[in-house]
Amino acid sequence: MRKTITIPLYPLTRSGVQKDREMFGGKYTLEMLKYLPQKPKWSLYSGDVSVRVDFGFKDMHAGNVPDIDNLLKPLFDFVKGSLFRDDRQVKAVRAFIHGGMVQPFIRVAVRDYVPVKVPPITLDI
């Protein structure tokens, strides 16, 4: 079963929290706490998980949006305890940045991880 949360983002104000500035380069604040379930209605994943993350921003001008890899780790740290127990459970990630959104957002979808068999790599040197 897939569990999904969508978190609206708002422009950072001068009174924004320092952690907000560190996580999103000062562009957006993490008004997330009110959107994350304090006591989720579902049980947290206890095994390995696969995660899809969609970041929606108003515009995508150069330098306006942080690198996607810099967005993922703090986000996983933030949602642990609401979707999964620990970010070490994340074994697969699909992440996307979308521009042109009227309301900036982050959408996180989590499901059970299904391992993919990868053939061994041979190097011809």
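Me: What makes up the secondary structure of the protein?
Reply: The model is a predicted one. Its secondary structure comes to 2 helices and 6 strands, and along the sequence these follow the pattern β-β-α-β-β-α-β-β. Buried residues account for 34% of the 125 residues. Among contacts with a separation of 6 or more, 78% are between residues 24 or more positions apart.

Me: Why is the pair of F76 and F84 called edge-to-face?
Reply: The structure holds 1 aromatic pair. The ring centres of F76 and F84 are 6.3 Å apart, and the limit for a pair is 6.5 Å. The planes stand at 80°, where over 60 degrees counts as edge-to-face; the pair is therefore edge-to-face. Both F76 and F84 are buried.

Me: What makes K3 count as lying over the face of Y45?
Reply: K3 lies at 4.2 Å from the ring centre of Y45, and the distance criterion is within 6 Å. A second criterion asks for a position within 35 degrees of the ring normal. K3 is listed as lying over the face of Y45.

Me: How do you know that K3 has no salt bridge?
Reply: The nearest side chain of opposite charge, D112, is 7.3 Å away from K3, whereas a salt bridge requires a nitrogen and a carboxyl oxygen within 4 Å. K3 is buried and has no salt bridge.

Me: What surrounds K3, and which polar atom lies 2.3 Å from its side chain?
Reply: K3 is found in strand β1, residues 3-8. The backbone oxygen of S43 lies 2.3 Å from a polar atom of the K3 side chain; the limit for a polar contact is 3.5 Å. Leaving out residues up to four places away in sequence, K3 touches several residues, including W42, Y45, L83 and V110.

Me: Why is the pairing of R52 and D54 called a salt bridge?
Reply: Side chains of opposite charge can pair when their charged atoms come close. For R52 and D54 the N to O distance is 2.8 Å, and the criterion is within 4 Å, so the two side chains meet in a salt bridge. R52 has 31% relative accessibility and counts as partly exposed. D54 has 6%, and buried means under 20%, so D54 is buried.

Me: How many salt bridges are there, and what links D77 and K73?
Reply: The count comes to 4 salt bridges. The side chains of D77 and K73 meet in one of them, at 3.2 Å, N to O. These two residues are 4 apart in helix α2, residues 68-79, and so are separated by about one helical turn. D77, at 33% relative accessibility, is partly exposed, as is K73 at 47%. K73, D77 and D87 are linked in a network of salt bridges.

Me: What makes R88 exposed?
Reply: R88 has 65% relative accessibility, and exposed means over 50%; R88 therefore counts as exposed. Its side chain meets that of D86 in a salt bridge at 3.1 Å, N to O.

Me: Why is M1 called exposed, and where does it lie?
Reply: M1 has 71% relative accessibility, against a threshold of over 50%, so M1 counts as exposed. M1 is placed in the segment before β1. M1 and D112 are 111 residues apart in sequence and 7.4 Å apart in space, C-alpha to C-alpha. Neighbours within four places aside, M1 is in contact with Y45, V110 and R111.

Key:
Residues are numbered from 1 along each chain as its sequence is written. This is a predicted model: local features need pLDDT of at least 70, side-chain atom pairs count only at pLDDT 80 or more; totals for chains, interfaces and linings use all residues. Side-chain values use heavy atoms; hydrogens and water are left out. Rings of Phe, Tyr and Trp (its six-membered ring) pair if their centres lie within 6.5 Å; planes under 30 degrees apart count as stacked, over 60 as edge-to-face and the rest as tilted. Buried means under 20% relative accessible area, exposed over 50%, partly exposed in between (1.4 Å probe, protein chains only). Lys and Arg count as positive and Asp and Glu as negative; His and the chain ends are not counted. A polar contact is a pair of N or O atoms within 3.5 Å; within protein, one must be able to donate a hydrogen and the other to accept it, and residues adjacent in sequence count only if both atoms are side-chain atoms. Contact means heavy atoms within 4.5 Å.
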